[in-house]
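Thanks for making time this morning; I would like to walk you through one model, going from its overall layout to a few individual residues. Please have the sequence and the structure open while I talk.

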Amino acid sequence: MTWAQERRKANNRARESRQRRAELRVLIDGRWVASADGITPLPPDRHGLPGTYSNWMCRCAPCTTVATAYMKEYAQKQKDKR
Ligand SMILES: [Zn+2]
């Protein structure tokens with residue numbers, strides 16, 4: 001298998017697990033919060049991390065805030081490169 005094929009497969013796997021995790025989220029105060037079992041939200045120490053926002057599709061306040069800041073920083077870095 002070529003490197004590109006390997007990458008595509010890994011990407012698909014990541015997308016599928018994200019999809020599964022997204023379906024397990026629970027709605028709390030109008031926000032979709034990541035959960036491992038579809039009932040209990042992830043413990044507080046898992047929130048406020050860019051990874052929980054992107055890998056778990058968590059949209060709680062701490063995760064959203066941190067991901068927004070992270071994306072802004074990333075966009076700024078991209079701009080600085082040019
Ligand atoms: Zn969260």
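**Overall layout**

The protein has three helices and two strands, where helices (H or I, at least four residues) and strands (E, at least two) are DSSP runs numbered from the N terminus. Read along the sequence, these elements come in the pattern α-β-β-α-α. The radius of gyration is 15 Å, well over the 12 Å that the globule rule gives for 82 residues, so the protein is more spread out than a compact globule; here the radius is taken over C-alpha atoms, and the rule is 2.2 Å times the number of residues to the power 0.38.

Before I go further, a word on provenance: this is a predicted model, in which local features need pLDDT of at least 70 and side-chain atom pairs count only at pLDDT 80 or more, while totals for chains, interfaces and linings use all residues. Residues are numbered from 1 along each chain as its sequence is written.

Along its principal axes, the C-alpha trace spans about 40 × 35 × 20 Å. Buried residues make up 13% of the 82 residues, where buried stands for 20 or more other C-beta atoms within 10 Å of a residue's own, exposed for 12 or fewer, and partly exposed for anything in between, with C-beta atoms placed from the backbone. Of the contacts with a separation of 6 or more, 23% are between residues 24 or more positions apart, a contact being two residues whose C-beta atoms, placed from the backbone, lie within 7 Å.

Helix H1, residues 3–24, has 22 residues and reaches 32 Å from its first C-alpha to its last, close to the 32 Å expected at 1.5 Å a residue, the expected span being 1.5 Å times one less than the number of residues. H1 is hardly covered, since the count of buried residues in it is zero. Trp 3 belongs to this helix and counts as exposed because it has 7 C-beta neighbours inside 10 Å.

Which residues make up the largest nonpolar core? There are eight: Val 33, Ala 34, Leu 42, Tyr 53, Trp 56, Cys 58, Cys 60 and Cys 63. By nonpolar core I mean a set of buried Ala, Val, Leu, Ile, Met, Phe, Trp, Tyr and Cys residues joined through C-beta atoms within 7 Å. Leaving aside neighbours within four places in sequence, Tyr 53 is in contact with Cys 58, Cys 63, Thr 64, Val 66 and Ala 67.

**Loops and the end of the chain**

Asp 29, in the loop between strand S1 (26–28) and strand S2 (31–33), has phi near 50 degrees, a positive value in a residue other than glycine. Asp 29 is exposed, because 7 other C-beta atoms lie within 10 Å. Met 57, in the loop between helix H2 (50–55) and H3, likewise has a positive phi, near 55 degrees, but is partly exposed, with 18 other C-beta atoms within 10 Å.

Finally, Arg 82 sits in the segment after helix H3 (61–81), and its 4 C-beta neighbours inside 10 Å are why it counts as exposed.
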